[in-house]
Amino acid sequence: MQRRPPSMSLQHLTAKTILALLASLTVVSATASSSSIPPNKNASVELRKPDPEELLIQIYQDLRENRLQASLDKANLLVAAYPTFRLGHLIRGDLLMMHNNPVTTFGAMTNGPQDKIKDLMAEAAARIQSIQARPDRALIPKAVLNISTEYKNVFVIDVARSRLYVYDNIDGKLQFQTDYYISQGKFGAFKTKQGDQRTPVGIYYVNERIPGPKLPDFYGPGALPINYPNDWDRYNKRDGYGIWLHGTASDTYSRPPLTSDGCIVLSNQDLRTILSTAEVGKTVVVIGENLEFVKQDDLEKERRTFDNLIDQWQQTVATGDETRMQEHYAPEFRSNRGENRAAWISRQYRGIGNDIKIRDLSLFHYPGQKDMIVTTLTMETSAKKKTTVRKRMYWQKEGSNWKIIFEGPAT
């Protein structure tokens with residue numbers, strides 16, 4: 001398992017924090033860092049500008065080695081390539097001041113609004129941390145235990161690190177593509193109610209695509225709504241709506257980490273690439289904090305355990321014994337209609353017959369929830385006539401046993 005550096009609170013950043021991050025940076029050349037990420041096959045020619053984070057790191061590396069002019073030259077390049085990148089302008093301002101005065105803090109302009117400077121400090125820290133915390137390409141997010149080939153890709157969002165990682169699904173195996181800086185809710189993660197300005201944590205799906213011309217300039221070139229609240233959110237009486245992945249206003253390159261009303265916000269440049277890869281119903285969105293990345297093989301034992309568990313459930317359903325079926329369900333089970341386990345089983349499985357097939361199985365560890373697995377599957381039956389249904393189940397560990405606490409249609 002890859003060990004990652006400890007996350008720093010974005011709400012309590014100081015200039016000392018920035019300096020500590022810079023001191024711990026491993027020097028990464030443009031060639032070395034770019035070789036760790038495959039070229040994005042969806043990038044258009046117009047988007048092939050210098051990478052702003054790579055330039056940011058190089059500026060700080062030059063500064064650490066007392067190459068002031070080289071640092072300023074790169075800062076000039078940064079603001080020329082991205083004229084609405086406010087963090088770039090702040091850094092350039094500090095570098096210009098260094099030519100005449102000693103600068104010992106981040107955002108040295110005394111006449112600047114301190115709340116805005118603090119926000120930009122948080123953005124600088126998040127971007128620098130991303131270089132250190134980028135997962136090895138050979139690793140996958142632990143949250144994705146198994147993925148069916150019906151899904152095209154997975155967007156893994158770590159709100160503690162203000163980062164979105166893109167994985168393509170290649171024949172049921174995840175393959176890392178690239179990653180992006182993101183902004184999130186003003187009060188962090190774990191959304192529970194409308195208006196709390198938090199970003200939800202869980203397993204979601206892109207369920208709509210909204211083109212830019214239908215949106216105000218504030219949202220950038222488009223938006224990808226996700227299905228918040230999902231079944232587990234509703235089970236826990238969480239409400240609210242309108243959680244999107246979207247861009248920024250045309251006069252803003254990027255926003256500080258904690259500045260949205262709960263949405264995930266990318267730069268317009270990055271969002272255009274996201275829009276070109278996402279598909280409604282086929283893009284999974286995993287949102288969590290301090291997510292782990294592991295080797296594919298490290299999950300094999302757990303995959304086999306759940307394959308066996310699904311097989312046992314399937315065999316019990318095939319018997320038609322409703323009392324035995326209840327053993328797979330938690331006492332506190334509730335369906336999407338509010339039914340208890342006895343009522344649900346009676347309505348769903350009575351007379352279903354023993355010719356049952358399961359396919360398209362996906363398994364996810366639910367972020368922020370201890371010992372919970374979400375399964376999505378297709379069940380085919382042919383008792384009286386052939387039927388095909390998509391199901392989503394939430395399994396929770398009770399002692400040493402896994403029980404279904406929620407079940408409903410996969411929408």
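Biologist: Which residues does Thr388 touch, not counting residues up to four places away in sequence?

Modeller: This is a predicted model. Thr388 lies in strand β17, which covers residues 387–398. Leaving out residues up to four places away in sequence, the contacts of Thr388 are Arg359, Thr378, Met379 and Glu380.

Biologist: Is Thr388 buried, partly exposed or exposed?

Modeller: Buried requires under 20% relative accessible area, and exposed requires over 50%. The relative accessibility of Thr388 is 44%, so Thr388 is partly exposed.

Biologist: What separates the C-alpha atoms of Thr388 and Lys357?

Modeller: Along the chain, Thr388 and Lys357 are 31 residues apart. Between their C-alpha atoms the separation is 9.5 Å.

Biologist: Which side chain does Arg359 meet in a salt bridge?

Modeller: Arg359 is among the residues that Thr388 touches, and Arg359 is partly exposed at 37% relative accessible area. Its salt bridge has an N to O distance of 2.6 Å, and the partner is Asp360.

Biologist: Asp62 and Arg67 meet in a salt bridge; is Asp62 buried or exposed?

Modeller: The N to O distance between Asp62 and Arg67 is 2.6 Å. Arg67 has a relative accessible area of 37% and is partly exposed. Arg67 also meets Glu65 in a salt bridge, at 2.4 Å. Asp62 has a relative accessible area of 5%, so Asp62 is buried.

Biologist: How many salt bridges does the count come to?

Modeller: The rule takes a side-chain nitrogen of Lys or Arg within 4 Å of a carboxyl oxygen of Asp or Glu. One network of salt bridges links Glu53, Glu123, Arg127, Arg134, Arg163 and Asp179. By this rule the total number of salt bridges is 22.

Notes. Residues numbered from 1 in each chain as written. Predicted model: local features only at pLDDT ≥ 70, side-chain atom pairs only at ≥ 80, totals over all residues. Heavy atoms only, no water. Helix = DSSP H or I, 4+ residues; strand = E, 2+ residues; numbered from the N terminus. Buried < 20%, exposed > 50% of the residue type's maximum accessible area, 1.4 Å probe, protein only. Contact = heavy atoms within 4.5 Å.
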